[in-house]
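This report is a guided reading for someone who is new to the structure. Please look over the sequence and the model first, and then follow the sections in order.

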Number of protein chains: 2
Amino acid sequence: MANSKSEVKTILLAHGSSDIEWSNTFFRLCGPSLDAHQNASLAFMELSEPSLEEEIALAKQQGYQKVLVLPLFLAKGRHLKKDVPGMLERYSEAYTIETELLPPFGEHPKLAEALNNIITETLE
Amino acid sequence: MANSKSEVKTILLAHGSSDIEWSNTFFRLCGPSLDAHQNASLAFMELSEPSLEEEIALAKQQGYQKVLVLPLFLAKGRHLKKDVPGMLERYSEAYTIETELLPPFGEHPKLAEALNNIITETLE
């Protein structure tokens with residue numbers, strides 16, 4: 001079963017910050033997702049732990065053949081156009097594992113809906 | 001009616017980027033919210049247009065007495081702890097208008113739910 005779901009790991013990728021409150025917020029934000037999806041984990045592009053490289057190395061150790069990277073970014077800028085693709089190319093080669101970069105979750109229509117609900121609630 | 005809703009403007013504040021695709025994504029993300037809330041607008045902290053200062057100046061011209069700023073940021077880092085509060089203090093004084101900075105929308109439980117739904121859909 002070369003493409004069975006259990007062989008694919010999903011890494012939720014956030015930016016990272018030297019401020020610990022930053023990563024705590026992302027762990028809270030991802031809480032329901034990490035609880036619901038055993039093959040998902042959270043990693044940071046820079047400054048916070050665990051790093052993207054650590055999580056890709058771990059996926060390889062755990063026997064996954066492929067890593068799907070879902071960027072917890074609202075939009076594509078330099079990081080998602082250049083930095084992250086470059087990192088994935090290097091790590092993919094270093095750890096002999098397939099990687100695929102998904103569009104940032106900010107481009108997903110469900111997020112626009114959620115934002116509208118949050119604003120409606122905030123203004124009431 | 002000192003606190004009537006119509007006297008409060010809501011500014012959705014995103015980071016900004018020199019990449020036009022960045023701001024286009026934010027305008028799409030905010031589309032349903034801007035359609036649903038006539039007193040809401042989108043502004044950028046830096047690099048993209050319109051700027052936070054422009055939107056605050058416009059709110060004052062339009063007769064609003066107060067601006068609520070909802071950061072379209074996933075978590076609090078230096079920008080929301082130092083840069084934006086400093087900007088709001090300056091603009092509030094310069095344009096004689098009350099401003100209030102809300103928590104970033106990444107801290108809202110509805111966003112964690114939306115993320116979980118997006119991941120579930122992505123993995124299926």
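Which element gives the most to the lining of the largest pocket? That element is α3(B), with four residues.

## Basis of the report

This is a predicted model, in which local features need pLDDT of at least 70 and side-chain atom pairs count only at pLDDT 80 or more, while totals for chains, interfaces and linings use all residues. Residues are numbered from 1 along each chain as its sequence is written, chains are lettered from A and ligands numbered from 1 in the order in which they are written, and side-chain values use heavy atoms, with hydrogens and water left out.

## The largest pocket

The largest pocket has a volume of about 860 Å³. A pocket here is an open set of points on a 1 Å grid over the protein atoms alone, where a 1.4 Å probe fits and protein lies on both sides within 12 Å along at least five of seven lines; lining residues have an atom within 4 Å of a point. The volume is the space filled by probe spheres set on the points, which are joined across faces, edges and corners.

Of the 33 lining residues, A:H15, A:W22, A:H79, B:H15 and B:H79 are the closest to the centre of this pocket. Two or more residues each come from α1 (20-36) and α3 of chain A, and from α1 (20-36) and α3 (78-94) of chain B; helices (H or I, at least four residues) and strands (E, at least two) are DSSP runs, numbered from the N terminus.

## Where the chains meet

In the interface, 44 residues of chain B are in contact (heavy atoms within 4.5 Å) with 44 residues of chain A. The area buried between chain B and chain A is about 4000 Å², of which carbon and sulfur atoms give 70%; buried area is the accessible area (1.4 Å probe) that two parts lose on being put together, summed over both.

Eight salt bridges are found across the interface of chain B and chain A, where a salt bridge is a side-chain nitrogen of Lys or Arg within 4 Å of a carboxyl oxygen of Asp or Glu. B:K76 forms a salt bridge with A:E21, with the closest N and O atoms 3.9 Å apart, and a network of salt bridges links A:D19, A:E21, B:K76, B:K81 and B:E107.

## Salt bridges within chain A

Over all chains, the structure holds 18 salt bridges. In one of them A:K9 pairs with A:E55, the closest N and O atoms being 3.7 Å apart; because A:K9 lies in strand β1 (residues 8-14) and A:E55 in helix α2 (residues 52-61), this pair ties together parts of chain A that are 46 residues apart in sequence. A:K9 is buried at 5% relative accessibility, and A:E55 is also buried, at 9%, where buried means under 20% relative accessible area, exposed over 50% and partly exposed in between (1.4 Å probe, protein chains only).

Another salt bridge joins A:K66 and A:E100, with the closest N and O atoms 2.7 Å apart. It links strand β3 (residues 66-71) to strand β4 (residues 98-101) of chain A, the two residues being 34 residues apart. A:K66 counts as buried, at 18%, whereas A:E100 is partly exposed, at 33%.

## The helix α2 of chain A

The buried residues of α2(A) are A:L52, A:E55, A:I56, A:A57 and A:A59. What covers them includes β1, β2 (40-44), β3, α3 and β4 of chain A. After α2(A) comes A:G63, whose phi is positive, near 95°.
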